[in-house]
Amino acid sequence: MAAAASLLLLLAAALAGGDDSDWVRLPSKCEVCKYVAVELKSAFEETGKTKEVIDTKYGFLDGKGSAVKYTQSDIRLIEVTENICKRLLDYNLHKERSGSNRFAKGMSETFETLHNLVHKGVKVVMDIPYELWNETSAEVADLKKQCDVLVEEYEDVIEDWYRHHQTEDLSQFLCANHVLKGKDTSCLSEKWTGKKGDLASVGEKHSKKKSRKKKKKEGQKGEKEGAAGLLPTGEALEESGVQEEAPLTHSPADEL
């Protein structure tokens, strides 16, 4: 009974939003632009690490053209903008959060709790069937839909930033200066600082810590191998646990 009561309270607090009109609250233009800018910045950072050079002579009948870095190429811009809205489908709706922070990657605290209850054998009854719990929500689907429209409409602005203004913050340049000019931009300043028990935030922290530990371990391994290479042959073999073979003793009797 206590578990059932707690579950009902949890659902009431996390899922109830007043009247029926609050059940599905589609993303505002500010929220859409905010996360388009977030993903654009992330995608450009990911693709900006390569040193690949593209030969632009290819495809020119007169053979003219010159080599250009991939990070400064049209190809990079096209690849990023064509796939940017698909990245928004990795987001979930976190109803326990307020404002634009309700959109975030990772499972929401509410659904993580419900999944754990089901795994423990607790019967959870909801309007949404269990097999649909992890499906894309109406809000996230609309976020992606509005993204497609925004990217197409402001394609020239994104290209202008890419070519001439990369030193400027993309959220400010794209959203505040163009998409939301003269409109409400308050969601752009909303930051999620996380809270104790927020499983989505914990997951991100664990992922970052794991990556840092891996890099540290690889660095230590490289230093050890480098130090071993500087040791004299005998010492290097001893360090690796292999003893250098001693020369066989030779006596006059062996010659007879």
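Buried means under 20% relative accessible area, exposed means over 50%, and partly exposed sits in between (1.4 Å probe, protein chains only). This is a predicted model, where local features need pLDDT of at least 70, side-chain atom pairs count only at pLDDT 80 or more, and totals for chains, interfaces and linings use all residues. Residues are numbered from 1 along each chain as its sequence is written, and side-chain values use heavy atoms, with hydrogens and water left out.

**Exercise 1. Find the disulfides and work out which parts of the chain each one links.**

Step 1. Take a disulfide as a pair of cysteine sulfur atoms within 2.5 Å. Searching the whole structure turns up 3 disulfides.

Step 2. Start with cysteine 30 and cysteine 187, whose sulfur atoms are 2.0 Å apart. This pair links distant parts of the chain, 157 residues apart: cysteine 30 is in helix α2, and cysteine 187 is in the loop between α7 (170-179) and α8 (199-230). The link is left-handed, with -105° about the S-S bond. Cysteine 30 is buried because its relative accessible area is 6%, and cysteine 187 is buried with 6% as well.

Step 3. Next comes cysteine 33 with cysteine 175, S to S 2.1 Å. Cysteine 33 is in helix α2 and cysteine 175 in helix α7, so the pair ties together parts that are 142 residues apart in sequence. Here the S-S bond has -100°, again a left-handed link. Both cysteine 33 and cysteine 175 are buried.

Step 4. Finish with cysteine 85 and cysteine 147, S to S 2.0 Å. These two also link distant parts of the chain, 62 residues apart: cysteine 85 sits in the loop between α3 (74-83) and β3 (91-93), cysteine 147 in helix α5 (residues 138-153). The torsion about their S-S bond is about -80°, so this disulfide is left-handed. Cysteine 85 has a relative accessible area of 5% and is therefore buried; cysteine 147 is buried with 0%.

Step 5. Count the bonded cysteines along the chain, and the pattern comes out as 1-6, 2-5, 3-4.

**Exercise 2. Look at the surface: which residues gather in a patch of negative charge?**

Step 1. Set the rules: patch residues have over 30% relative accessible area and no salt bridge, with like charges joined within 9 Å and nonpolar side chains (Val, Leu, Ile, Met, Phe, Trp, Tyr) within 5 Å. A salt bridge is a side-chain nitrogen of Lys or Arg within 4 Å of a carboxyl oxygen of Asp or Glu.

Step 2. The negative patch gathers Glu152, Glu153, Glu155 and Asp156.

Step 3. Glutamate 153, for one, lies in helix α5.

**Exercise 3. Describe the nonpolar patch, then decide: is valine 24 buried, partly exposed or exposed?**

Step 1. Trp23, Val24 and Leu26 make a nonpolar surface patch of about 270 Å².

Step 2. Valine 24 is found in the loop between α1 (2-15) and α2 (29-47).

Step 3. The relative accessible area of valine 24 is 38%, so this residue is partly exposed.

Technical notes: Accessible areas come from the Shrake-Rupley method with a 1.4 Å probe; for residues, only the protein chains shown count as cover. Helices (H or I, at least four residues) and strands (E, at least two) are DSSP runs, numbered from the N terminus. Lys and Arg count as positive and Asp and Glu as negative; His and the chain ends are not counted. The place of a charge is taken as NZ of Lys, CZ of Arg, CG of Asp or CD of Glu.
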